[in-house]
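Hi everyone, thanks for making time. Have the structure open and follow along with me.

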Amino acid sequence: MNILVIDVGTSSMRGILFTHEGKLLAEKQTLYSVSYLENSWAEQEASDWENALYGIIKTVVGVAEEKQWNIDAVTITSQRSSVIPVDQNIHPLCSAIMWQDKRTNEICERLSPLNDKVFSLCGSRINPVFSASKMTWIRENRPEIYKKTYKFLVIPDYLIYLMTGELCTDYTYGSRSLLMNIYSHRWNDELLDIFQVEKEKLCNLIEPGSICGRVTKEFSELTGCPEGIPVITAGGDQQCGAIGQGVVKKGILSVTAGTGGFLITATDKVPEHLEPDVICNFSAIKDQYILESSVLTCCSAFDWFR
């Protein structure tokens, strides 16, 4: 069995075809860039990821056909809390608000008296990185877009839809929204009320590692990717990166320096005395959680300078 892995980073997307044993067969990387605007805004067009996805899969499929290698499944991991509002036809209504965007600082400060309540339900304090406040900002500042929004998607949700025609999001992304109960793994009515987001505008939650759907005839015709093969959500990029660094049980810590810098360790359950300066998210490993601490500006400072 050969698996095509799609990894959606902040500065590029990579596609790598692996054997089931982990041998690398083919790879393709496409660069793109975030638009850093005034007032600490950060945006990107959804077409950047769509075009990168099509180009990467076409290239890898071409190599696989030449070498007579099968592609038996596609799996996707991605940056986690950038928000794309889409209409009923799943067309983006505006540029994506990126995870490192700071336009929601005022909203987060206004809601800060509710920090303890939010933290007790979702394992994270209110902050502008997570997706909920971005949805609130659209509601308050772009009401015409909010009204037209059928679903709020994060990037992997959008790409999964392009491949399968199905809408879903997994727990690792849900736990980066401030809207999912970290214990029940369900959208939480109290959190939705705090951020003034309707549950109907969110995707169904599923476990990471789940089959989201299968490659459609339309996507197959556009890219050459075999029709009907499963598309699997692997979980958020930092969760998957931690597994790659061996963070599969308590006592192991990973350090990642990318666009942001991240410290991650594993835990079997939400700690009873969780400190509010640490983020508790769902892991890409079933029935596990991760504890995370991060700084948003790491290698992105170099990108800005360049």
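Predicted model: local features only at pLDDT ≥ 70, side-chain atom pairs only at ≥ 80, totals over all residues.

Residues are numbered from 1 along each chain as its sequence is written, and side-chain values use heavy atoms, with hydrogens and water left out.

Four strands make up an open, antiparallel sheet, in the order 16-17-19-18. Strands here are DSSP runs of E with at least two residues, helices are runs of H or I with at least four, both numbered from the N terminus, and two strands pair if DSSP finds at least two bridges between them. Strand 16 (253-257) and strand 18 (279-282) each have a single partner strand, so one side of each has no neighbour in the sheet.

Strand 16 pairs with strand 17, residues 261-267, over five antiparallel bridges. In one of them, Ala257 is partnered with Gly261 of strand 17.

Now, what lies across these strands? Helix 10, residues 237-244, lies across strands 16, 17, 18 and 19, and runs at about 70 degrees to strand 17. Angles run from 0 to 180 degrees between N-to-C directions, with axes fitted to C-alpha atoms, for helices over the stretch in contact (heavy atoms within 4.5 Å).

Last stop: Ala266, in strand 17. Buried or exposed? Ala266 is buried, at 6% relative accessible area; buried means under 20%, exposed over 50%, partly exposed in between, with a 1.4 Å probe and protein chains only. Leaving out residues up to four places away in sequence, Ala266 touches several residues, including Val247, Ile252 and Tyr289. Lys249 is 17 residues away along the chain, yet its C-alpha and that of Ala266 are 5.5 Å apart.
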